[in-house]
Amino acid sequence: MGSRVLQLDVPADSEASPRRNVPGSVSSPLMNGEKSLFRNQNAGFTALASPVRREIGNRSLTRSFCVDDNDLEDGKASKERESSIQSLGLPKIQNQAFLSGLAYCISSCSMILVNKFVLSGYGFNAPVFLMLYQNIVSVTIVSTLSLSGAVPTEPLTWNLIKVWLPVNIIFVAMLITSMFSLKYINVAMLTILKNVANVLTASGETYFFKKQHGTQVWIALMLMIISAVAGGITDLSFHAVGYIWQTLNCFLTASYSLTLRHVMDSAKQATKSGNLNELSMVLLNNVLSLPLGIILVLGLNEVEYLLETPLLRMPEFWLVITASGVLGLGISFTSMWFLHQTSATTYSIVGSLNKIPLSIAGIVLFNVRTSMQNSLSILFGLLAGVFFARAKLRDNSPT
């Protein structure tokens, strides 16, 4: 749901940002709105993965955006991400690892919780419009920074758009399904269910790219499946519609990650510099999502609801949804800052551990009915995510 880049937990993350979300679920990403979920895994740009990745986090996704579950990269991707960070000129300041990590955790958690509050707390029934508005906020901010010379972005040429459009269609679908699932499913269960996307992504990497995963990775993925099934069975607030949307979201998140990996080289060749940094992907994803979002708002007849709802006549509501868009984009900046201050290992582990306070906050703030069995299933799934992050990093580290 936000500036989605995203994996995010993507990641997500995850959710995910991933609202705007991003490849690499370093959990997103939103991610906006997972722009995060969405940050993508294979490209090493977690912010792309998710409005709800990543979780629903930043739309750079992506994810719901960091080395989150499905966004753990190989050495080449890590180098590309470091190059992207350096090109953005982020300051390397001593003793700021804690501050950058805290900023990333707060922005990614807040993105998902604010989206949940808008959709469930306010009862806002136009999730596609929410995604569209968050994308507009992201485009406005990134474009302003780019025009002022504060950050470098690639010009949006027709060749680049043609290469990226198929990925963007999946990206938009990922954000929308994340929004719909977040409306019906509590945050803690959503975090666990998003782990299924990791299983699909890992399987896709093995099938399409012949990538071999270690035994510990597959054990962690099996534990994630067990926790998701156990959590669904014991979920006192189970909602079939929400689970259907989330299942679809998992397939789309995996498809986004795998597709992005396939087109990334072509996309770089279509740019003038031969490179495509994270904020360029954020801008590209969100700009291309605007016409698709408008078509969907009209096609799903949300216009009639928007004209009738009193929420759009409340200044405080506009403040909240604008904040959600800023938070979604914030996942992209804070994730890059955090990675610049620490190692990829610390980044990935913190991204996984970040889901624990997010789940607790989701249960407490929204008065979610739960049971001992459901709580244990959620905890089991969260720990499986940490185990997965460690196993994937060990898998990718040189021997």
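Predicted model: local features only at pLDDT ≥ 70, side-chain atom pairs only at ≥ 80, totals over all residues.
Me: Which residues touch the most other members in the largest nonpolar core?
Reply: That core has 68 residues, and the ones touching the most other members are Val118, Phe124, Phe129, Trp164 and Phe317. Several helices give two or more residues to this core, among them H2 (97-121), H3 (127-147) and H11 (315-341), while H4 gives the most, with 13 residues.

Me: What does phenylalanine 124 touch, leaving out residues up to four places away in sequence?
Reply: Leaving those out, its contacts include Val118, Phe129, Lys183, Tyr305 and Phe317. There is also a second, separate core of 9 residues, which includes Val199, Val217, Ala220 and Ala384.

Me: Switching to helix H13, which of its residues are buried?
Reply: In H13, which covers residues 355-365, the buried ones are Lys355, Leu358, Ser359 and Gly362.

Me: Why do they line one face of the helix?
Reply: Seen down the axis of H13, the buried residues fall within an arc of 100°, so they line one face. An α-helix has 3.6 residues a turn, so residues three or four places apart point the same way.

Me: Which exposed residues are on the face turned away from the buried side of H13?
Reply: That face carries Val364 and Leu365, which are exposed, and just after H13, asparagine 367 takes a positive phi of about 50°.

Methods
Residues numbered from 1 in each chain as written. Heavy atoms only, no water. Core = buried A, V, L, I, M, F, W, Y, C linked by side-chain atoms within 4.5 Å. Buried < 20%, exposed > 50% of the residue type's maximum accessible area, 1.4 Å probe, protein only. Helix = DSSP H or I, 4+ residues; strand = E, 2+ residues; numbered from the N terminus. Contact = heavy atoms within 4.5 Å. Arc of directions from axis to C-beta.
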